Amino acid sequence: MKTKRWNKIIVSLLAASLMATTPVLANGSAVQQEQAQVMPMEMKQELSAKAKQGLDKLYQLVPELKNLEVKFQNLMPANEWSPAVWSIQMDNLPENGRPEVGGLFSHAYIELLADSGELRSFSMNVPSWTSKKAPTESLARKKAQEFLEGVWGKERLEKYQQSSQFYMGQHGSADENGNKLEWTTGGVQYERLINDIPYLGENITIDIDQAGHVHNFYSNIQANLDESKFPAPLKAISKADAEKAFLKNLNMELVYSGQQPVGKWAVASNQKMETRTVLKYEPTWLAQIDAVTGKATDTYYHAPKKQTVNVQAGGQKLKVQSLEDAKKFFKDTFGVDLSNLQVEQSTEDDHPYGDYSLVNYHFHPDYSVPQEQPMRYATITVNKKTSEVVYAYIQDEARMGKKAVISEEEAIKKGVDFLQTYVQSDVKEADLQVFAPHKMEDNIPAWVDKSKLGEQRMDPAPEYHLTVREHHNGIPVEDRFYSVTVDAVTGKISGVGLPLDAKRVELPEAKNVITSEQAADAYLKKFPLKLAYIWEDYMGQKAPKPQLIYIPTYPDGAYYIDALTGKVEE
């Protein structure tokens, strides 16, 4: 049985998430049934007394766990991401590791802190828990509170509060016979309070279904936190002064959207999301304001470089109709031979924005044999109805840690020349966004003692990510864009993203548009600033002291500022 989720890359292409990021393919995508077969059954170390107590408490809170058998439990040492934990995996598969008829089974994953036995994370999926209906927010909050009280006790919980944010999610599973399961949950988050101000350095999330079952729990509580080091609220500048500093750093961009979501998407029942065409303002970046100094805090966000380009649109189509076509595509387009890799093929039908069906081909090494050499992965997604390529990317570990030798000018020429061939023939004007390669050291804060970092992880493969957005009346259309990735070592194309649908919709006229300043004021009125604490850390090192900051009250879901009415729509 393998987990089935909507390809986030494809959703982002339709939703026009214009923040280009380095695509990363999963290093392993073996199905759960295969995992159950190869799991080392003898790896059942004896739990410590505290871990046993923690597990017994969880059995009381989640009685369904008693129906599962422990298949793996081992003490995992601490690393830069996690403290030492007891890792426990359970399921109800028979000894041969094969599910009963139907191919669907229950499973749970548990982490207990090694020093205390306290629950750190928990996830559980049971076939009988499936539901296409999300829980009410009140039920989810009530059940989350009951569960956390059971884990921690009421007294400790008094130092925490539920966040105002509430999110819904859906995850599913499918086996090779087409049997499917879908679970729909509501998510509740908790914030630690210091001086009655939320501390953002801890993360506690609990996902609840409509029957009140806990599907997921995660916490990264920081032990021995010295609250005396946190700046007193009296040191904060006034909210009015913070707003002036925030607005000075707030850049609102005017864009069109042909498929702007309307309201919150009902994640259950495969319901399609209602959309509309809009002319809107959106912030390109939200600064955090140091509440003591009144300045924007340091950020490691690397803004793209932008320029207007005249496009010589070719109007050609990239098509892949079979697995053999996919292999040929990578060889002809990217110059990569994938004949020595294994491949998994899947189809996705439940697209939230329309009646689209996508075919995915994922190429990967043979996980059943040791892989000593740098590994290579590739993925390609195709519109099943038209056979047109929507997304393709090659990830080659051999390029990791290499120095970029291709200049930005060369990458732009290479990328734009490639994309122009596939831009629709009626496009004349567009803008270009360029995300240049960055090394890991570019994101190391100034306060970090580099001599204590030890051996660093290898830098990712250097790449240029280019996005070309179509213009309408000189204004970018956010969901009409083309992307390309250029290998900064070889100069070859290593990735491409193309619109899923060639159809265009009629966009509103840009008459009586509010100014960007008016849009910024509307944003701040809708999402006012609030105080919060942060304490930066980097690979086990903490900043000298925490910070008191002003941040906007973030919304629960998607929003935009209507450029014609000035209203904030959610």
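Of the protein's 570 residues, 48% count as buried. Keep in mind that this is a predicted model. The chain folds into nine helices and 27 strands. Take the contacts between residues at least 6 apart in sequence: 69% of them join residues at least 24 apart.

**A helix pair**

| Helix | Residues | Residues in the H3–H4 contact |
|---|---|---|
| H3 | 49-61 | Lys 57, Leu 58 and Leu 61 |
| H4 | 137-152 | Phe 147, Gly 150 and Val 151 |

The axes of these two helices come within 10 Å, crossing at roughly 155°. Angles over 145 degrees count as roughly antiparallel, so H3 and H4 are roughly antiparallel to each other. As for handedness, H3 passes H4 in a right-handed crossing. On the H3 side, Lys 57, Leu 58 and Leu 61 do the touching, and they meet Phe 147, Gly 150 and Val 151 of H4. Sorted by class, that contact is made up of four nonpolar residues, one polar and one charged.

**A lysine in a strand**

Now over to strand S2, which covers residues 69-76 and holds Lys 71. Is Lys 71 buried or exposed? Its relative accessible area is 5%, and buried means under 20%, so Lys 71 is buried. What does the side chain of Lys 71 join through a polar contact? The partner is the side chain of Asp 91, at 2.5 Å. So here we have a buried lysine with its side chain in polar contact with that of an aspartate, Asp 91.

Definitions and conventions: Residues are numbered from 1 along each chain as its sequence is written. This is a predicted model: local features need pLDDT of at least 70, side-chain atom pairs count only at pLDDT 80 or more; totals for chains, interfaces and linings use all residues. Side-chain values use heavy atoms; hydrogens and water are left out. Axes are lines fitted to C-alpha atoms, for helices over the stretch in contact, and angles run from 0 to 180 degrees between N-to-C directions. Helices (H or I, at least four residues) and strands (E, at least two) are DSSP runs, numbered from the N terminus. Angles under 35 degrees count as roughly parallel, over 145 as roughly antiparallel, 65 to 115 as roughly perpendicular and the rest as oblique. A crossing is left-handed if the near helix is turned anticlockwise from the far one by less than a right angle, and right-handed if clockwise. Contact means heavy atoms within 4.5 Å. Ala, Val, Leu, Ile, Met, Phe, Trp, Tyr, Cys and Pro count as nonpolar, Asp, Glu, Lys and Arg as charged, and the others, Gly among them, as polar. Buried means under 20% relative accessible area, exposed over 50%, partly exposed in between (1.4 Å probe, protein chains only). A polar contact is a pair of N or O atoms within 3.5 Å; within protein, one must be able to donate a hydrogen and the other to accept it, and residues adjacent in sequence count only if both atoms are side-chain atoms.
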